[in-house]
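This report describes selected local features of one protein model. The sequence and structure are shown first.

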Amino acid sequence: MQGRVTMKILLTVIGVVLVWAGAGFAAPPEISLRPVIRPAVALPSETPRRPVMRGARALSSGVDRPGLDAVALAAFRPVMRGDLALAARSSDRADPDPARADAPLSAAGFRAWIAAFSGRARNAGISEATLTRAFDGINLNQRVIERDRNQAEFSRTLWTYLDSAASSARVTNGRAALAEWRQTLMAIERDYGVEAEIVTAIWGLESAYGSFRGDVAIIEAMATLAYDGRRQAFFETQLMAALQIIEAGDISPENMRGSWAGAMGHTQFMPTSFLEYAVDRDGDGRRDIWGDNPADALASTAQYLSVNGWVYGQPWGLEVVLPDGFDYAQSGELVHQSASYWNELGVRLTGGGRVPENGPSSILLPGGHDGVALVIYENFHVIEAYNPADAYVIGVGHLSDRIAGGDVFDGAWPRGDRALSNAERFELQRRLTAAGFSTQRIDGIVGPLTIQAVREYQAAEGLVPDGYASVGLLRRLRRG
Ligand SMILES: [Ca+2]
């Protein structure tokens, strides 16, 4: 648990830190929404850029956000699955190689870098044939660099994220996708012990059920970003993993395509995740997460969750109603209690039922005490292994519930509140720490310890100690 909390402290964004990737990378207009922590990878909207999923299945596309269809928006997705998280950490915490980062990039420099890297790849067991195929004709990709460097950062609230993540269109398309692939998904559920709706929801958030698998050449993008040097070690590792995948014969270099930051296929695996979790479900001898048939990708996603501890039959979380006089010091991910403990306090499901026993659980208040209250179970943290942003986990969980026929949240969100900007999150941490409520680190990431510091500050100020890091709270801190 300590490791998990540490992970959260390092990586999580609560209330949703969304790095909104700047528009203009993709030539065609692209509506994409996805809370991102760098590196940004486009999350597809529910409107496929292509009218249909190639070959496999037509999506009933539908924009439920009028006015956006012609607007290039780029991505919305809490990116940060484990390996991306490492990239974020190395980018935000470790010093980039200043010589490399500031040096002008050139085609000649790129070729020289490829030559040097090829030596390291040979030493790692990559064959000459694979290196030749992989690096033949690739170029320094300026668009990838621009995309990486010009990530305008916008912060979005959780509820704004959920509006798209579990929009009616994404729910409808998810039910259609599940119906179409039911046999495959049910067999995967049986073999891996991960519910079909959960796998479908991840598919829906990662690529809009296969509609946005990405068409950037992965070898070129990874080599470009490694050469660029801002996160050299991370992208070198991804590039090496990509070469290993080609070496293994799973995909040709030409067909190894994905998002500019390296996420590939139906469920947007990074190359290192592929090596760790990808499986050949359809038995053709190749682990193909890129092609029209999603079976390998869906099974790989189930494998990912299964290996990380998914408990079959356990909810990720459930909406609850807190009793009058609830002690908000009991909320937050640092408190773990049994369902009977919550039931004794008077916590109830929104329909009035008792909180079901599913092992240790926590009460989460992502929008403060006026917003939706959730009881979360161990499976919540398993989804975090895929991507630790709370927004993503709640998005996956809620979308899966909706696909399964569940209802929208009963509670309200504080829709009048805007999200804290990146600078404001740093400021909040600085001011809390200066006021004697240490956030342990000043990293702009509102994780469990920052939330705990908020809660202690609120308690000291006579406020409801719900841990909600709002603009109003920051204003109060500014007033001293
Ligand atoms: Ca296969």
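A nonpolar core is a set of buried Ala, Val, Leu, Ile, Met, Phe, Trp, Tyr and Cys residues joined through side-chain atoms within 4.5 Å. The model discussed here is predicted.

## Nonpolar core

The largest nonpolar core contains 94 residues. Those with the most contacts inside this core are Phe135, Ile219, Leu243, Met256, Tyr392 and Ile394.

When its neighbours within four places in sequence are left aside, Met256 touches Val216, Ala217, Ile218 and Ile219, among others. Its contacts also include Ala242, Ile245, Ile246 and Ile251, as well as Met264 and Trp290.

## Calcium site

The calcium ion is coordinated through OD atoms of Asp280, Asp282, Asp284 and Asp296, and through the O atom of Arg286. Along the chain, the donors follow the spacing D-x1-D-x1-D-x1-R-x9-D. Within this set, Asp280 and Asp296 link distant parts of the chain, 16 residues apart. Asp280 lies in the loop between α13 (271–277) and α14 (295–307), whereas Asp296 is in helix α14.

The arrangement is irregular because the 6 donor atoms subtend angles of 45 to 161° around the calcium ion. The two linked residues can also be described by their accessibility. Asp280 has a relative accessibility of 29%, so it counts as partly exposed. Asp296 has a relative accessible area of 2% and is therefore buried.

## Antiparallel sheet

Four strands form an open sheet in the order β6-β5-β8-β7, with antiparallel pairing. The edges are β6 (348–349) and β7 (362–364), each of which pairs on one side only. Strands of a sheet pair through backbone hydrogen bonds, in either a parallel or an antiparallel sense.

Strand β5 (residues 317–321) pairs with β6 over 2 bridges, in the antiparallel sense. In this pairing, Val320 stands opposite Leu349, and Val321 stands opposite Arg348. Strand β5 also pairs with strand β8 (residues 373–376), again in the antiparallel sense, over 4 bridges.

## Glu384 in helix α16

Helix α16 spans residues 378–386 and includes Glu384. The relative accessibility of Glu384 is 5%, which means that this residue counts as buried; the cut-off for buried is under 20%. The side chain of Glu384 makes a polar contact with the side chain of His381, at 3.0 Å.

Technical notes: Residues numbered from 1 in each chain as written. Predicted model: local features only at pLDDT ≥ 70, side-chain atom pairs only at ≥ 80, totals over all residues. Heavy atoms only, no water. Donors = N, O, S within 2.8 Å, 3.2 Å for Na, K, Ca; no water. Tetrahedral: all angles 85-135°; square planar, octahedral: opposite > 155°, others 65-115°. Buried < 20%, exposed > 50% of the residue type's maximum accessible area, 1.4 Å probe, protein only. Polar contact = N/O pair within 3.5 Å; in protein donor to acceptor, adjacent residues only side chain to side chain. Pairing = 2+ DSSP bridges. Contact = heavy atoms within 4.5 Å.
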